[in-house]
Amino acid sequence: MSKFTRLAATAATAIAVACTASAVMAADIYVIGGKPDDPFWSRVKKGAEDAGIVAQAQGGSVTWLGPQNYDNLGPDAAELIRQAIDQGADAIVGPDWVPEAMDPAFKAVTDAGIPLVIYNAGGLEAADKLGAMNYVGAVDYKSGYAGGEYLAKAGHKNGACVNTLPGAANIEAFCNGFNDGLKAEGGTGSTLQLPATAFGDATAVAQAVRAHLLKNPDIDAMFAIGDGDTNATVSGIQQAGKTGSVHVCGMNFNDSILANIKAGSQDCAIDQQGYQQGFFAVSILNNYVNYGVTIPTREVLTGPGVIDAKNVDQVIEGVKAGAR
Amino acid sequence: MSMQSEAGANSFSLGSLIRRPETGSFLGFIVVYLFFAILGGAVFVGAPGWSSWLNIAAEVGIIALPIGLLMIAGEFDLSVGAVVPAASVTTALLCGHFELPALVGILGGLGLGLLVGLANGLLVTRTAIPSLIVTIGVMFAVMGLTLGFAVLITGSTSLSYVPGPVTKALLGTFIGGMFNVSIFWWLGFIAVYFYFLHISPTGNWVFALGGDAESARNAGVPTAKLKISLFMMSGFGAAFVGIAQLMTYQSAQVAGGQPFIFNSIMCVVIGGVLLTGGAGSIVGIVLGTMTFAVVNQGIFFASLDPNIGSIIIGALLLAAVLSNDTFRTLATTYASKKK
């Protein structure tokens, strides 16, 4: 098996070398990302596919590889990376979600001479360590930090971060950032860890939040990661009878979250602008494979952007225009 | 309960068997509840605590009841994990996107659940493929179709719908700000399923199906029809939960629903239903569901590490299966002594 992988990798290198050698090239770019039915990842995928229109016009392609579920995220994603190598990718985009499991696979990419861009998770640190060209994305820690800072500045200083996927490096970074953001403004933060059986079940998340708030009545600020968890957290706060006294910020947004921000039941949403992540990661690689041009700015930041009552109308217009 | 065992003694020998796993489940529930009552304190024992775990129990319970019947009949249904989001997306599409009346959307969602159940039932009865495999296949197919249609029609994987006051009151409100209305639906479902399994004559057919399908067919039980109806019941239950979640949280996600697969099976097994079929009861399933929900929510009130909750649920499951075996041998030996 590993022999086959190595063989395929060598073949891929040969193709990659052959490709970069000739002047005009078709770049077959493989993008590793989340489940295509994950609301956030469907936006990243759209960005990648929109950038792929240019790649296609030049004879290349963009292929999305996502796991069936998040039960075994690290090993599954590592497998997808190896699959991309085996399928003869000219360039690969991938998130460094679970470094322990995924880094060896990313190393195999760079060892094979395939241009690599890390996006969405891992930061420039991961990109440097793995020999990737660049990092495109929001820095999870900074996104969480922005949420904590925002709430603490508004006077809500005792916070809890809802973690529905304990063990995933990026979720932990969000929560650490949130707690540090609170601390920087003189607050305190903690993490509410949910069992794995709760992921994806809005009722389970809402009831956990509610129980936690009843048990810890001092908490007045919460941070949730992802659209579904944020909606569930808002409902949990309502059920605990704490609407107005517990304030929420969440990562990402959708129509109902924008409506909640407008209505005041959610304070802010941190946007990492997923569309940009897919779009720029693919563009950087496509342009590099085809023309050898690079982006000298390392760490292309796509977030955090804070959406609150002040700019929510502008964002709603952006959604209507299909840009967000 | 005494009426049950009396009726069981002279009409159908399974009656006395039914009663025993319940005792085990009941004791299990008491022990688990006391454990968390001591750790969780006044908040857990009071109304906020009760509503907290009853809300969880109601949703998983509405699915666990028909899953329990299927397991008594010797079949599995894993497709519920895909039907929950599929139904909520269907309803959100019909009401939110196409702006049709709420009733149309709800009937559409429930109809989808029944349809998936019908497909499961037909595949299981017309082929020799085990239901475990059939329903895994159907689950992936439904997941893919939900995703495909949602993206095709709306270009998004997360849909939202703001229900009107009547719909919200019936399916998605919190009574007293904390008790989800689905608790009452659950009670309704319990009554209907109790009648179906333990009072109506069809109930004995379900047990017979799981005990020995071949003999049941020879005795004149319409096994294929019965199995298909049972699968349609679980599709209906899962669709109902999906719609209730949409009305409660006002958004439908294409993903989600996966936890219901194993959670519902766990409730049923903790409730004393035999994995091999042929034995189990509605009261047992309800007790199993309550035990599961108490552990799930008790963890947060007890300020324990949630991962410990998973360990307790795992241990409970194993203990339940072990005690089921013990109770079964006990039951069969007692029965032979009496006669």
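Two strands are said to pair if DSSP finds at least two bridges between them. Helices (H or I, at least four residues) and strands (E, at least two) are DSSP runs, numbered from the N terminus. This is a predicted model, in which local features need pLDDT of at least 70 and side-chain atom pairs count only at pLDDT 80 or more, while totals for chains, interfaces and linings use all residues. Residues are numbered from 1 along each chain as its sequence is written, and chains are lettered from A and ligands numbered from 1 in the order in which they are written.

**Selection 1: the sheet of chain A**

Select β3 (residues 91-94) and β4 (residues 116-119) of chain A, which run parallel and are joined by three bridges. Within this pair, Gly94(A) has Ile118(A) in β4(A) as its bridge partner. Now extend the selection to the open sheet of six strands, whose order is β2-β1-β3-β4-β5-β11 (chain A), with parallel pairing. Because β2 and β11 (300-301) of chain A each have a single partner strand, they stand at the edges, and one side of each is left without a neighbour in the sheet.

Next, select β1 (residues 28-32) of chain A. Five of its five residues are buried, a residue being buried if 20 or more other C-beta atoms lie within 10 Å of its own, exposed if 12 or fewer, and partly exposed in between, with C-beta atoms placed from the backbone. Which residues of β1(A) point one way, and which the other way? Asp28(A), Tyr30(A) and Ile32(A) point one way, whereas Ile29(A) and Val31(A) point the other way. Five bridges join β1(A) to the parallel strand β2 (residues 61-65) of chain A, and Tyr30(A) stands opposite Thr63(A) in β2(A).

Chain A contains 12 helices and 12 strands. The C-alpha atoms of chain A fill a box of roughly 65 × 40 × 30 Å along the principal axes. For 324 residues, a compact globule would have a radius of gyration near 20 Å, and the 21 Å of chain A agrees with this. The radius is taken over C-alpha atoms, and the globule rule is 2.2 Å times the number of residues to the power 0.38. Of the 324 residues of chain A, 60% count as buried.

Colour chain A by domain: domain 1 covers 2-138 + 273-293, and domain 2 covers 140-271. These bounds come from an automatic or database domain assignment. The contact between them takes 10 residues from domain 1 of chain A and 13 residues from domain 2 of chain A, where two residues are in contact if their C-beta atoms, placed from the backbone, lie within 7 Å. The side of domain 1 that touches domain 2 has nine nonpolar residues, one polar and no charged. Here Ala, Val, Leu, Ile, Met, Phe, Trp, Tyr, Cys and Pro count as nonpolar, Asp, Glu, Lys and Arg as charged, and the others, Gly among them, as polar. The C-alpha centres of the two domains of chain A lie 31 Å apart.

Display both chains: 35 residues of chain A are in contact with 35 residues of chain B. On the chain A side, the elements giving two or more residues are α2 (39-57), α8 (202-215), α9 (227-239) and α10 (255-263). The largest share, 10 residues, comes from α8(A). By class, this side of chain A has 12 nonpolar, 15 polar and eight charged residues.

Then select α10(A), whose buried residues are Ser256(A), Ile257(A), Leu258(A), Asn260(A) and Ile261(A). Gly264(A), which follows α10(A), has a positive phi near 95 degrees.

**Selection 4: chain B**

Chain B has 14 helices and four strands, and buried residues make up 56% of its 339 residues. The unreviewed UniProt entry places the feature "transmembrane region" at several stretches of chain B, including residues 53-73 and 132-154. UniProt positions are given in the numbering used here, feature names are shortened, and annotations may be inferred rather than shown by experiment. Residues 53-73 of chain B are 95% helix and 0% strand, with the end C-alpha atoms 29 Å apart. Residues 132-154 of chain B are 100% helix and 0% strand, with the end C-alpha atoms 33 Å apart.

Finally, centre the view on Gly40(B), which lies in helix α2 (residues 14-45) of chain B. Is Gly40(B) buried or exposed? Gly40(B) counts as buried because it has 26 C-beta neighbours inside 10 Å. Not counting residues up to four places away in sequence, Gly40(B) touches Gly49(B), Gly298(B), Phe301(B) and Ala302(B).
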